[in-house]
Amino acid sequence: MPVDDSGRSAPFTFGSLLRPEPPENFVGFGRSVLSPVAGTVVASHDTERDHLSYRGMSSIGYTLTQKRRAEAGWLALAGNHVMIRCDGGVVVLCHLQRRSTRVRVGQHVEIGEEIGLCGNSGNSTEPHVHVQAIDSVDIDNAAAVPITFNGAMPSNRGIVTV
């Protein structure tokens, strides 16, 4: 989740406690998402809309709709996403901004190449990028693969810099 110099994803106001906020209020919305691996794009989807962001009391209502999104399947959870097959598995980057992907299926990408923009699609309470590694593009049967950044896993609330 991108944060500003004070460590916040967006200014927090009294209104943030009471109602959903536009994703544009968040520093990460629209920021470039770069490929963390070299590999081949095996899936790219970017037609899901970016929805409002939920913090404070509004996040409770959003949480209550979690079951509905889970039952709706992969697209409802991942939103706009790119899958890259690389050594060791498939890296998936989710919650991208609508119509922002810069890659197509079959394209080779290098580490650091822009693949899209940070959004708030799918099962996301505020703009961020969900990164996961799996052993197959078959989401229903894929198993998680351990992933590290620069050889280590960041601690909770840790910040990964590029």
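The following paragraphs describe the overall build of a predicted protein model, then its nonpolar cores, and then a group of residues around one tyrosine.

The secondary structure of the predicted model consists of four helices and seven strands. Read from the N terminus, the order of the elements is α-β-β-α-α-α-β-β-β-β-β. The radius of gyration is 16 Å, close to the 15 Å that the globule rule gives for 162 residues, so the protein is as compact as a globular protein of that length. The C-alpha trace spans about 45 × 35 × 30 Å along its principal axes.

Of the 162 residues in the protein, 38% are buried. The protein exposes about 9200 Å², and 53% of this area is supplied by carbon and sulfur atoms. When contacts between residues at least 6 apart in sequence are considered, 70% of them join residues at least 24 apart.

The largest nonpolar core has 13 residues. Those that touch the most other members are Val33, Val41, Val82, Ile84, Leu93, Val103 and Ile115. Two or more residues of this core come from each of the elements β3 (80–86) and β4 (89–96).

With neighbours within four places in sequence left aside, Ile84 is in contact with Ser35, Val37, Gly39, Thr40, Val41 and Val42, among others. Further contacts of Ile84 include Gly89, Val90, Val91 and Leu93, as well as Val109 and Ile115.

One aromatic pair is present in the structure. It is formed by Tyr54 and Tyr62, whose rings are stacked, with 4.6 Å from centre to centre and 20° between the planes. Tyr62 counts as buried because its relative accessibility is 9%, and the cut-off for a buried residue is under 20%. The ring of Tyr62 also has a charged group over it: the charged end of Arg69 sits 3.9 Å from the ring centre.

Helix α3 covers residues 66–72 and contains Glu71. Glu71 has a relative accessible area of 59% and is therefore exposed, since the cut-off for an exposed residue is over 50%. Glu71 and Leu96 are 25 residues apart along the chain, and 21 Å separates their C-alpha atoms.

Technical notes. Residues are numbered from 1 along each chain as its sequence is written. This is a predicted model: local features need pLDDT of at least 70, side-chain atom pairs count only at pLDDT 80 or more; totals for chains, interfaces and linings use all residues. Side-chain values use heavy atoms; hydrogens and water are left out. A nonpolar core is a set of buried Ala, Val, Leu, Ile, Met, Phe, Trp, Tyr and Cys residues joined through side-chain atoms within 4.5 Å. Buried means under 20% relative accessible area, exposed over 50%, partly exposed in between (1.4 Å probe, protein chains only). Contact means heavy atoms within 4.5 Å. Rings of Phe, Tyr and Trp (its six-membered ring) pair if their centres lie within 6.5 Å; planes under 30 degrees apart count as stacked, over 60 as edge-to-face and the rest as tilted. A charge sits over a ring if NZ of Lys or CZ of Arg is within 6 Å of the ring centre and within 35 degrees of the ring normal. The radius of gyration is taken over C-alpha atoms; the globule rule is 2.2 Å times the number of residues to the power 0.38. Accessible areas come from the Shrake-Rupley method with a 1.4 Å probe; for residues, only the protein chains shown count as cover.
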